[in-house]
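Dear colleague,

Please find below the structure that I am handing over to you. My findings follow directly after it.

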Amino acid sequence: MTLIQETSWLYPLKGVVYFASHPFLYPLLRARLLPCLILSFFVLANLFFWTYLPQVAFLAIFHGRHLAFINGAFLVLGEGSIITALLFECFFVDETLVDVFDATLINEGCGALVATSRVIDPSASDPVKQLGKPTTSVVYSPFSLRQIIEFIIFLPLNFIPVAGTPLFLVMTGYRAGQLHHFRYFQLLGFTKKERNHYLSRRKLRYTWFGVTALMLQLVPVLSMLFLITTSAGSALWASRLEKKRSLMGNSNDLEPGPRYEDDPP
């Protein structure tokens with residue numbers, strides 16, 4: 001059981017179950033559901049109509065006809081997930097992701113951590129209603145030009161037969177995984193240097209988390225729904241890290257503890 005609990009790639013899946021089993025989160029989705037579905041459908045329909053067959057024709061040179069149709073579909077779905085994610089994170093959904101993340105942390109007993117960044121009303125009837133106005137800047141996942149560049153650079157991996165698409169997911173998974181904990185690092189007050197130091201020792205965990213999150217976002221039309229549920233999963237992981245940190249007396253050996261400082265000369 002402990003091994004399963006520690007497996008980072010499961011947390012995006014746990015987020016789906018958690019969101020579905022906690023009705024207090026539903027109002028956060030309700031206002032976004034229709035625009036999410038419409039935009040996802042519009043983006044995917046246009047990509048498949050205009051780009052699917054040309055990409056299949058190109059992939060057929062490397063993969064053969066039958067694999068080209070399959071890998072071409074994954075390629076278009078990946079492109080669609082990136083486009084819709086960018087549109088929603090930039091214009092519509094980042095505030096919702098923050099609220100889902102913070103409400104999940106409160107429900108998991110980490111309200112004190114959330115209180116460092118926003119007003120909390122403990123008398124409210126559920127964690128979502130407890131969320132007050134932010135007292136500092138709140139961002140779930142910032143726009144990452146580097147992520148877009150890496151996506152473009154690694155896109156040709158899809159030309160490799162059979163193994164290409166899994167390799168593409170793994171290579172882009174690390175960046176995707178760490179961005180899902182940007183809000184957590186923000187709550188901890190990590191500087192960029194501290195954040196990079198922490199992430200450098202946990203690359204594999206964040207890569208597998210990111211791979212699962214990306215796979216969920218490849219599901220046609222439902223990609224934005226899974227982006228929202230993944231924020232619950234990332235909060236579940238963060239709450240477990242916080243509880244472990246508390247049990248270990250804020251030890252930095254396992255999870256984020258005292259602030260990172262350069263080694264003395």
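Leucine 225 is partly exposed, because its relative accessible area of 23% falls between the limits of 20% for buried and 50% for exposed. This leucine lies in helix H13. Leucine 225 and leucine 37 are 188 residues apart in sequence, yet their C-alpha atoms are 8.3 Å apart in space. Please bear in mind that the model is predicted.

The largest nonpolar core has 41 residues, and Leu25, Phe101, Leu105 and Tyr184 touch the most other members. Several helices each supply at least two residues of this core, including H2 (11–21), H3 (26–63), H5 (94–107) and H12 (203–217). The largest share, 9 residues, comes from H13. Apart from this core lies another one of 9 residues, with Leu39, Val43, Leu75 and Val76 among them.

Finally, I turn to one pair of helices. The axes of H2 and H12 come within 8 Å and cross at roughly 50 degrees. The two helices are therefore oblique to each other, since this angle lies between 35 and 65 degrees. Where they meet, Tyr11, Pro12, Leu13 and Val16 belong to H2, while Phe209, Thr212, Ala213 and Leu216 belong to H12. By class, this contact has 7 nonpolar residues, 1 polar residue and no charged residues.

Yours sincerely,
A colleague

Technical notes: Residues numbered from 1 in each chain as written. Predicted model: local features only at pLDDT ≥ 70, side-chain atom pairs only at ≥ 80, totals over all residues. Heavy atoms only, no water. Core = buried A, V, L, I, M, F, W, Y, C linked by side-chain atoms within 4.5 Å. Buried < 20%, exposed > 50% of the residue type's maximum accessible area, 1.4 Å probe, protein only. Helix = DSSP H or I, 4+ residues; strand = E, 2+ residues; numbered from the N terminus. Axes fitted to C-alpha atoms, helices over the stretch in contact; angles between N-to-C directions. Parallel < 35°, antiparallel > 145°, perpendicular 65-115°, else oblique. Contact = heavy atoms within 4.5 Å. Nonpolar A, V, L, I, M, F, W, Y, C, P; charged D, E, K, R; others polar.
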